[in-house]
Amino acid sequence: ARAVPPVLTAIRLTRPDSGLSEVRALLAAHPVPGPSFPRLDVIRAISRSAVVLTVSHLEAYLHNLTEEAVLFLAESCESGIDVPLRLRLRHSARPLEDAAKKAWEHRETILFQLFDAARALWTSGVSMAQPLDHERLLSALKTPRSKPLIRYFRDWGIDDIFTEITRKPTTRKEMYLRIDELGEKRNFIAHGDLNTQATASDVKRYVVAVAAFCQRVDRVMSRRLERIGGSRPW
């Protein structure tokens, strides 16, 4: 593998710690329901906002993780063919699908562009001229719920991310369920379901699960990228 420039090895992922502290601050303003504060609509609005904000910070972490990882691959891989197959397939999927939507007699330009850009990923010995488009790698990951997260990390060569980052089945099940529940509630809220709500205790459990997930994924991805590129990226 090529030596990674010091400027890249100094890069650290933007972890969601500061973002999740924003959720905790929001919860600190969460009033206790009772005779002195009967505004249940305010209590519900704060909890619903905290759910959406927590998912947003998880999404930001995954975005930053992917962006840093593709920069590392571009600097460390001798050839694009060294990039895991599922990542190469994922990266090539969108332009191929776009080409397929055009009538066959109008595909020449888009195919020239596709083959020129993707040549390094499918030809042995050809160096990567530029990093992968991290947005393409995230295209299949909408709201980060458990199954989409497993599929996303499988592209990187990690069969089951929840098994990889936990030892105890009970810990794994708890993290899986909390993140799944968080994503489901976020989707309901985002689509205008006024009946979906979460208690302050629920949100605190979501924050704990997201924080633990990101911290552990950070370590697992560092080891996985080392196996691909030959050195630790962070």
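**View 1. Ala209, a buried residue of helix 10.** At 7% relative accessibility, Ala209 counts as buried (buried means under 20% relative accessible area, exposed over 50%, with a 1.4 Å probe and protein chains only). Ala209 lies in helix 10; helices here are DSSP runs (H or I, at least four residues) numbered from the N terminus. Setting aside neighbours within four places in sequence, Ala209 touches Met175, Arg178 and Ile179, where contact means heavy atoms within 4.5 Å. The C-alpha atoms of Ala209 and Arg178 are 6.5 Å apart, though 31 residues separate them along the chain.

This is a predicted model: local features need pLDDT of at least 70 and side-chain atom pairs pLDDT 80 or more, while totals for chains, interfaces and linings use all residues. Residues are numbered from 1 along each chain, and side-chain values use heavy atoms, without hydrogens or water.

**View 2. Helix 2 and its two sides.** Let's turn to helix 2, which covers residues 17-28. Gly19, Leu20, Val23 and Leu27 are buried here. The face turned away from the buried side carries the exposed residues Ser18 and Ala28.

Technical notes. Expected span 1.5 Å × (residues − 1).
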